[in-house]
Amino acid sequence: MSEEKKKNSFTIIKDDSTDGHGGYGTGVISLENMSSVIVDPNEQTAYVDMDAMHGRSKVEKRVKWIHEKDQVPNGKLYWIVWVNVERNENGPFYSGVAGSEIRVDREIKRAYKSMPEHVNHMSKVLKGRIVVDHMDDLSKKLLKDFLVEFNGEMWNNSKDELKDALSK
């Protein structure tokens with residue numbers, strides 16, 4: 001698999017680290033099934049950027065992070081959407097989805113994000129929660145279109161809660 005293709009793919013379920021062996025790592029939270037999608041309503045695009053898992057996505061680079069949104073009044077809106085994939089009897093599905101806001105002002109090289117919000121959203125995604133009500137309608141549509149196009153089968157297998165939340 002090429003490096004570009006690898007960066008643009010979801011992490012699909014790997015072996016369960018809690019499969020009963022009881023060894024090192026048992027009970028540890030695993031991010032192996034989580035992927036990060038950048039939704040850019042400015043350019044009307046959505047794409048996987050796994051570097052966001054470490055705060056190094058393309059949109060996060062080369063800026064100083066500020067914790068007060070009003071300090072970045074001209075920042076462009078982006079969403080880092082945490083997406084978890086699980087498998088049930090029908091196959092893989094999008095089990096948890098949450099959008100975390102960031103605002104980036106390239107001109108002044110400053111950006112806003114709330115780390116507690118990002119961590120909270122990641123935790124909720126791992127628990128199968130859907131947290132997108134706070135996202136704007138265009139961003140939700142971009143996310144839905146991306147998830148459907150990326151893998152229609154996973155979309156069809158997903159809970160109605162996700163489908164309804166992204167169709168409002």
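A: Happy to. Let's begin with a pair of charged side chains: K141 and D145 meet in a salt bridge, with N and O 2.6 Å apart. Keep in mind that this is a predicted model.

Q: Where do K141 and D145 lie?

A: Both sit in helix α3, which covers residues 137–150. They are four residues apart, or about one turn of the helix.

Q: How many salt bridges does the structure hold?

A: Four. One of them joins K113 to E60, with the closest N and O atoms 2.6 Å apart. K113 lies in strand β6 (residues 110–113), while E60 is in the loop between β2 (45–48) and β3 (64–66), so this pair ties together parts that are 53 residues apart in sequence. Both K113 and E60 are buried.

Q: Which residues are linked in a network of salt bridges?

A: Look at K69, E101 and R103. Within that trio, the side chains of E101 and R103 meet at 2.7 Å, N to O. E101 is buried, at 12% relative accessibility, whereas R103 is partly exposed, at 24%.

Q: Let's zoom out. How many helices and strands does the chain have, and in what pattern?

A: It has five helices and seven strands. Going along the sequence, you read α-β-β-β-β-β-β-α-β-α-α-α.

Q: Which residues of α2 are buried?

A: They are H118, H121, M122 and V125. Viewed down the axis of α2, these buried residues fall within an arc of 100°, so they line one face of the helix. Their cover includes β1 (34–40), β4 (76–88), β5, β6 and β7 (130–131). Just after α2 comes G128, with a positive phi of about 85°.

Q: Which residues other than glycine have a positive phi?

A: Two to look up are R62 and K109. R62 has a phi near 65° and sits in the loop between β2 and β3. K109 has a phi of about 55°, and its place is in the loop between β5 (91–105) and β6. As for surface, R62 is exposed, with a relative accessible area of 74%, and K109 is exposed too, at 53%.

Q: Now the inside. What does V81 touch?

A: V81 belongs to strand β4 and is buried, with a relative accessible area of 0%. Leaving aside residues up to four places away in sequence, V81 touches S35, S36, V37, V39, V97, A98, G99, M135 and L143. For a sense of folding, V81 and A46 are 35 residues apart in sequence, yet their C-alpha atoms are 9.6 Å apart in space.

Q: Which residues touch the most other members of the largest nonpolar core?

A: That core has 23 residues, and V37, V39, V81, Y94, V97 and L143 touch the most other members. Elements giving two or more residues to this core are β1, β2, β4, β5, α3, α4 (152–157) and α5 (160–165). β4 gives the most, with five residues. Apart from this core lies another, of 16 residues, including A52, Y78, I80 and M122.

Note on methods:
Residues are numbered from 1 along each chain as its sequence is written. This is a predicted model: local features need pLDDT of at least 70, side-chain atom pairs count only at pLDDT 80 or more; totals for chains, interfaces and linings use all residues. Side-chain values use heavy atoms; hydrogens and water are left out. Buried means under 20% relative accessible area, exposed over 50%, partly exposed in between (1.4 Å probe, protein chains only). The arc is that of the directions from the helix axis to the C-beta atoms. Contact means heavy atoms within 4.5 Å. A nonpolar core is a set of buried Ala, Val, Leu, Ile, Met, Phe, Trp, Tyr and Cys residues joined through side-chain atoms within 4.5 Å.
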